Amino acid sequence: MNENPTLVDPLATGSEPGGGAETENTQQSPPPPPPFSYAPQRPPLRRSRTDRVFGGVCGGIGRQYDVDPTLLRILVVVITVFTGGGFALAYALGWIFIPDEPALVPVTTPSGTAYAVPPVAPVPASYSAGGTGTYVDPGTGQVYGAPQYFAPAKPREPRSYLGLITISAAVAVGGLLSILAVAGLDIPVATVAAAMLAVVAVGLLVGAFRGRARWLIAPAVILLLVAQAATVIPRAVSGSWGSGVGDRVWAPTVSDPAPYELGAGDAKLNLTSLPAGPATITAKVGVGTLVVTVRPDTTLVLHGRIGAGDVKLPDVATTSGTNLVVDTTVPATSTTPAITTVDLTVDIGLGELEVRRATS
Amino acid sequence: MRRHDLDWVSLIAGLVFLGFALVYTVASLTDVSIDGRFVWPIVFVALGAAGIATAVAATAREEKAFAEVERTDDAL
């Protein structure tokens with residue numbers, strides 16, 4: 001999983017700077033006394049090999065933060081159920097992105113069998129076992145903690161600035177395009193987001209070959225969401241942003257009223273006061289809800305689209321999604337006083353369309 | 001920067017995001033419309049495939065490393 005197995009990482013019990021160098025010392029002469037401290041040093045987050053059910057994610061996180069992994073597993077199951085399986089994706093990402101801890105091999109030490117990261121430095125023969133897991137240097141009488149076994153130290157890689165460069169470039173591109181948009185060029189928000197996404201994607205591609213910047217996937221996901229939302233909403237909303245914000249009640253009394261428009265808010269379209277005979281109505285809501293109330297003797301012929309949201313029609317299950325196309329008829333449930341056909345065209349950018357039958 | 005092994009996760013994620021960036025750039029500047037329902041499934045399939053590729057490569061590498069360790073053990 002981990003591209004560069006972190007061989008310099010010590011066992012899960014702790015870490016000391018320069019640990020790799022210490023290994024070489026133990027092979028020749030007793031090491032300098034390690035700084036004595038009771039404060040446990042936190043190892044890097046790794047998926048556990050010893051406490052593992054599905055990939056060791058909970059085992060590793062539990063060990064890292066001193067939480068019972070079983071409790072975490074129960075939490076994962078509960079959250080997964082409550083999110084309709086969605087949280088399983090987060091778990092899978094943990095599986096992918098948290099590196100595995102190095103495989104351990106058994107080593108014979110004066111106090112018994114220990115497990116260490118391969119390849120293992122031999123325990124200095126001059127050491128004798130002290131208390132549990134401690135060793136006494138015969139020369140100085142100095143007591144050491146249990147020796148840490150390390151793989152040979154690899155030269156530390158220079159820190160990669162690829163991610164920082166990429167994000168900075170994306171921000172600069174976004175800013176530049178926004179300036180051009182403010183200056184009067186026709187650059188939609190979706191274009192700005194898509195251009196920034198392209199920069200981040202190029203950063204990821206460069207990172208695939210040199211450097212590592214997998215975390216750029218996170219900003220890429222956010223930018224893709226923004227690009228998607230900005231593409232869906234303005235298309236339906238265009239022309240209606242200037243139509244005001246707030247709540248509206250529209251109750252036409254003529255059969256061919258001017259189109260109703262609302263930029264953002266909740267609109268109620270009450271069609272119970274329409275005169276007898278066919279009517280044609282258009283209603284547009286940028287972001288919000290549109291509740292249409294019809295008389296029982298009205299047959300509603302409905303056309304239109306919802307960029308993203310819900311459609312609730314009487315006697316029909318709610319439909320949710322993006323780019324919903326509505327092309328349906330809500331039949332009259334009563335023939336008295338007279339069946340009237342209303343042709344309604346709706347356009348909602350983001351929100352909900354609900355059709356209700358008036359009770360009388 | 002030092003050379004690294006190819007990172008499949010970054011490579012596939014980069015290609016997919018670059019593809020969507022181009023598609024959304026075109027869509028936002030023209031009348032071309034995108035069926036947004038396909039976007040996230042494609043992202044998930046790509047990231048899943050990248051994860052599997054990484055896992056398979058890592059398994060092969062670790063098995064090789066473990067075999068070497070066992071040889072070292074036998075020699076001791």
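What share of the contacts in chain A with a separation of 6 or more is accounted for by residues 24 or more positions apart? The share is 57%, where a contact means two C-beta atoms, placed from the backbone, within 7 Å of each other. The model behind this value is a predicted one, in which local features need pLDDT of at least 70 and side-chain atom pairs count only at pLDDT 80 or more, while totals for chains, interfaces and linings use all residues. Residues are numbered from 1 along each chain as its sequence is written, and chains are lettered from A and ligands numbered from 1 in the order in which they are written.

Chain A comes to seven helices and eleven strands, whereas chain B has two helices and zero strands. These elements are DSSP runs numbered from the N terminus, with helices being H or I over at least four residues and strands being E over at least two. Of the 360 residues in chain A, 28% are buried, and for the 76 residues of chain B the figure is 22%. Buried here means that 20 or more other C-beta atoms lie within 10 Å of the residue's own, exposed means 12 or fewer, and partly exposed is anything in between, with C-beta atoms placed from the backbone.

As for confidence, the model scores ipTM 0.78 and pTM 0.43. The average pLDDT (the predictor's confidence in each residue, from 0 to 100) is 75 in chain A, with 68% of the residues scoring at least 70. Chain B averages 82, and 92% of its residues score at least 70. Two stretches of chain A call for some care. Over residues 146-154 of chain A pLDDT stays under 50, and the model has 32 contacts beyond four places in sequence for them. Residues 236-242 of chain A also stay under 50, with 15 contacts beyond four places in sequence. Where pLDDT is low, the predicted coordinates should not be read in detail.

H6(A) packs against a helix in its own chain and against one in chain B. Within chain A, helix H5 (residues 162-182) and H6(A) pack at an angle of about 160°, their axes 9 Å apart. Axes are lines fitted to C-alpha atoms, for helices over the stretch in contact, and angles run from 0 to 180 degrees between N-to-C directions. That makes H5(A) roughly antiparallel to H6(A), given that angles over 145 degrees count as roughly antiparallel, under 35 as roughly parallel, 65 to 115 as roughly perpendicular and the rest as oblique. The H5(A)–H6(A) crossing is right-handed; a crossing gets that label if the near helix is turned clockwise from the far one by less than a right angle, and is left-handed if anticlockwise. On the H5(A) side the contact includes A:Gly163, A:Ala170 and A:Gly174, and on the H6(A) side it includes A:Ala195, A:Val199 and A:Gly203. By class, the residues of this contact of H5(A) with H6(A) are eleven nonpolar, seven polar and no charged. Nonpolar covers Ala, Val, Leu, Ile, Met, Phe, Trp, Tyr, Cys and Pro, charged covers Asp, Glu, Lys and Arg, and the others, Gly among them, are polar.

The contact of H6(A) with H1(B) has 21 nonpolar, six polar and no charged residues.

For the interface as a whole, 37 residues come from chain B and 38 residues from chain A. On chain B, helix H1 (8-29) and helix H2 (39-75) each supply at least two residues of the side that touches chain A. H1(B) gives the most to that side, with 16 residues. The side of chain B that touches chain A splits into 20 nonpolar, nine polar and eight charged residues.

A few local backbone details in chain A round out the picture. In helix H2 (residues 57-64) of chain A, the buried residues include A:Val57, A:Cys58 and A:Arg63. H2(A) is followed by A:Asp66, with a positive phi near 55°. A:Asp315 is not a glycine either, yet has a positive phi near 65°. A:Asp315 lies in the loop between strand E9 (298-312) and strand E10 (319-330) of chain A, and counts as exposed because it has 8 C-beta neighbours inside 10 Å. A:Asn323, in strand E10 of chain A, has a positive phi of about 50° without being a glycine. With 16 C-beta neighbours inside 10 Å, A:Asn323 counts as partly exposed.
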